[in-house]
Amino acid sequence: MSATSDGIMALEPFRVTQSPPAAYYVPDFITEAEEAYLLQQVYDAPKPKWTQLSGRRLQNWGGLPHPKGMVLEKLPAWLQACADKVSSLGVFGGKMANHVLVNEYHPGEGIMPHEDGPLYFPTVTTINLGSHTLLDFYYPISRRQQSEGGEGPIPQTEDQRHFLSLLLKPRSLLVLREDMYCHYLHGICPVAEDTVTEKVANAGMCDAELGDTLQRGTRVSLTIRHVPKVLKTSIFLGRRK
């Protein structure tokens, strides 16, 4: 695969043309055997690696991102291989991924609309394991327009601000950058099944048809990112370790 100096020429055939810049959806990025291996490694991880949150549980690998910098921790070999494969696409501007968040969602679990923020290089990549999900995108609420007044009503509810969804099938890779990373919120509704509507921008890339109903299983996502600000020493949060 070739890549431009900016990044991702090789991914152009996988661009979701119905979305703002830029979303790339790569079906079957990994094989079934690779998926099974990765799931085994996730569940073989020591129990203390799991953190239970409301609506999901997660594992953090590579270090804890922080505004002052991340104390880098070596990725295990199974995650390093994934990080290298994604990085080879040029999605991080020539840098290598150094952080992986593993999320587990059971049917009926999700995550509130959010943005990944400035601690990361403005690209997020996700490998999907085990089950599909719908990733929903929302217009943010404009604080400026709220305080100073604007033209026309400002949508306030999630339903009103929701403008697009992406169907993520098992073994697929999703890459979000540019406006899709910087300007919009993304989240997952806490439901047990999803219906394909006209808002699912990549339905054709998933062989899904309007009106299809999909039952969720347990999904594990590998969110692979590059944290630019890494501490060279063991100084962290103003203390020396």
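Helices (H or I, at least four residues) and strands (E, at least two) are taken here as DSSP runs, numbered from the N terminus. The structure is a predicted model, in which local features need pLDDT of at least 70 and side-chain atom pairs count only at pLDDT 80 or more, while totals for chains, interfaces and linings use all residues. Residues are numbered from 1 along each chain as its sequence is written, and side-chain values use heavy atoms, with hydrogens and water left out.

**Pockets and cavity**

On a 1 Å grid over the protein atoms alone, a pocket is an open set of points with protein on both sides within 12 Å along at least five of seven lines, a cavity is a set where a 1.4 Å probe fits but cannot get out, and lining residues have an atom within 4 Å of a point. Grid points are joined across faces, edges and corners, and a volume is the space filled by probe spheres set on the points.

| Site | Volume |
|---|---|
| Largest pocket | about 440 Å³ |
| Second largest pocket | about 200 Å³ |
| Largest cavity | about 50 Å³ |

The lining of the largest pocket comprises 25 residues, and those nearest its centre are Asn-103, His-114, Asp-116, Thr-223 and Arg-225. At least two lining residues come from each of the strands β3 (56–61), β4 (99–105), β5 (111–114), β6 (123–129), β9 (173–177), β10 (185–188) and β13 (219–225). By class, this lining holds 12 nonpolar, eight polar and five charged residues, where Ala, Val, Leu, Ile, Met, Phe, Trp, Tyr, Cys and Pro count as nonpolar, Asp, Glu, Lys and Arg as charged, and the others, Gly among them, as polar.

The second largest pocket is lined by 15 residues, with Leu-134, Asp-136, His-162, Ser-165 and Cys-189 closest to its centre. Two or more lining residues are given by each of β7 (133–138), α4 (158–161), β8 (162–168) and β11 (193–195); β7 gives the most, with three. Five nonpolar, four polar and six charged residues make up this lining.

One cavity of 30 Å³ or more is found in the whole structure. Residues lining the largest cavity include Tyr-105, His-106, Glu-109, His-132 and Arg-216. Its lining divides into two nonpolar, four polar and three charged residues.

**Helix α2**

In helix α2 (residues 77–87), Trp-78, Leu-79, Cys-82, Ala-83, Val-86 and Ser-87 are buried (under 20% relative accessible area, with a 1.4 Å probe and protein chains only). Viewed down the axis of α2, these buried residues fall within an arc of 165 degrees, so they line one face of the helix; the arc is that of the directions from the helix axis to the C-beta atoms. Among the elements covering them are α1 (32–44), β3, β4, β6, β9 and β13, contact being heavy atoms within 4.5 Å.

Definitions and conventions
Buried < 20%, exposed > 50% of the residue type's maximum accessible area, 1.4 Å probe, protein only.
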